[in-house]
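Subject: Structure handover

Hello,

Here is the structure for your files. My notes on what turned up follow below it.

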Amino acid sequence: MVQAGDPILAIPEGRPSRPHVPWRPSFAIVGVAVLANGVALLFHILRAAPLPAALTATWAMGLVAILLVIARSAPWVRDDLLRIATIGIVAGLVSTVAYDASKALLSNLDPAPWNPFDAFRIFGEALIGAGWPDPVIRAVGLAFHASNGTTFGLAFAFLFGMWSSRHAGLAVLAGVAWGLFLETFQLALYPGWMNIRFLDEFRQVSFGGHVVYGACVGLVVRAGIRRAGIGGDAG
């Protein structure tokens with residue numbers, strides 16, 4: 001029983017209290033930094049920059065920014081950064097699987113002979129060239145595709161995770177908006193770059209896939225943030 005004059009909360013000596021911090025500018029810096037894959041791909045498509053070199057440059061800058069944020073952050077902020085990163089990676093991977101599953105389903109509903117997974121070959125050739133066996137090229141392309149989906153989920157978690165975790169409906173809307181933001185770039189760049197002939201099917205499959213991806217990433221990030229209690233959002 002608390003007596004008059006007793007302290008409400010006892011804090012061990014030498015251990016600072018952990019403030020309620022729902023969002024910090026450092027989260028946005030990291031969120032932008034982890035978009036290195038996407039930025040490198042833009043330079044490759046629009047400026048014909050070699051993709052390996054573009055990835056090296058964008059990730060070098062991104063990692064410098066991330067390390068500076070970590071070095072300048074308080075211990076509890078570094079804890080939140082690590083937890084958000086873990087949540088974003090899981091959300092990105094899960095949502096990428098959902099994205100690919102929805103593309104496979106949607107593409108089978110249309111008789112046009114377009115393979116939505118031929119992008120793996122194109123990604124692989126951009127990274128290691130065409131002189132490798134096809135399975136190797138596609139495996140490299142699949143790894144790049146998975147890293148794209150993961151880092152896009154990671155960026156969402158840092159940029160919008162705190163705000164969108166307040167309500168499940170808000171998380172879905174924010175995630176779908178993020179997916180459609182990515183869809184805008186894909187619709188603008190991929191048809192010409194990949195020489196896609198079946199544009200109607202490409203648009204339908206791409207749109208549906210990004211809606212599924214976005215909704216999934218929004219919900220998984222929300223669940224992770226609330227479970228971790230980051231910024232006081234436990235529950």
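I start with Arg222. Leaving aside neighbours within four places in sequence, Arg222 is in contact with Ser164, Ser165, Arg166, His167, Ala168 and Ala171; contact means heavy atoms within 4.5 Å. Arg222 sits in helix 8. Its side chain reaches the backbone oxygen of Ser165 at 3.2 Å. A polar contact here is a pair of N or O atoms within 3.5 Å; within protein, one must be able to donate a hydrogen and the other to accept it, and residues adjacent in sequence count only if both atoms are side-chain atoms.

Some ground rules. This is a predicted model, where local features need pLDDT of at least 70 and side-chain atom pairs count only at pLDDT 80 or more, while totals for chains, interfaces and linings use all residues. Residues are numbered from 1 along each chain as its sequence is written, and side-chain values use heavy atoms, with hydrogens and water left out.

Overall fold

The chain has 8 helices and 0 strands. From the N terminus on, the elements run α-α-α-α-α-α-α-α. Helices (H or I, at least four residues) and strands (E, at least two) are DSSP runs, numbered from the N terminus. Of the 235 residues in the chain, 44% are buried. Buried means under 20% relative accessible area, exposed means over 50%, and partly exposed lies in between (1.4 Å probe, protein chains only). The chain exposes about 12500 Å², and carbon and sulfur atoms supply 69% of that area. Accessible areas come from the Shrake-Rupley method with a 1.4 Å probe; for residues, only the protein chains shown count as cover. Take the contacts between residues at least 6 apart in sequence: 73% of them join residues at least 24 apart.

Cores

The largest nonpolar core has 30 residues. Phe158, Trp178 and Val221 have the most contacts inside it. Two or more residues each come from helix 1 (25-33), helix 3 (51-72), helix 4, helix 6, helix 7 (168-193) and helix 8 (199-228). Helix 6 gives the most, with 8 residues. A second, separate core has 19 residues, including Ala40, Leu55, Ile196 and Val205. A nonpolar core is a set of buried Ala, Val, Leu, Ile, Met, Phe, Trp, Tyr and Cys residues joined through side-chain atoms within 4.5 Å. In soluble globular proteins, nonpolar side chains tend to be buried together.

Salt bridges

The structure holds 6 salt bridges. The cut-off is a side-chain nitrogen of Lys or Arg within 4 Å of a carboxyl oxygen of Asp or Glu. Asp118 and Arg121 meet in one of them, at 2.8 Å, N to O. Arg138 also bridges to Asp118, with the closest N and O atoms 3.3 Å apart. That pair links distant parts of the chain: Arg138 is in helix 6 (residues 134-164), and Asp118 is in the loop between helix 4 (75-108) and helix 5, 20 residues apart. Asp134 forms a salt bridge with Arg138 as well, the closest N and O atoms being 2.8 Å apart. Asp134 and Arg138 are separated by about one helical turn, because they are 4 residues apart in helix 6. Shared partners join Asp118, Arg121, Glu125, Asp134 and Arg138 into one network.

How covered are these residues? Asp118 is partly exposed at 23% relative accessible area. Arg121 is partly exposed at 22%, Arg138 at 26% and Asp134 at 38%.

Surface

Ile128, Trp132 and Val136 make a nonpolar surface patch of about 260 Å². Patches are made of residues with over 30% relative accessible area and no salt bridge: like charges are joined within 9 Å, nonpolar side chains (Val, Leu, Ile, Met, Phe, Trp, Tyr) within 5 Å. Ile128 is in helix 5 (residues 119-128). With 31% relative accessibility, Ile128 counts as partly exposed.

Leu187

Leu187 belongs to helix 7. It is partly exposed, with a relative accessible area of 33%. Beyond its neighbours within four places in sequence, Leu187 is in contact with Phe202 and Arg203. The C-alpha atoms of Leu187 and Phe207 are separated by 8.8 Å, and the two residues are 20 apart along the chain.

Best regards
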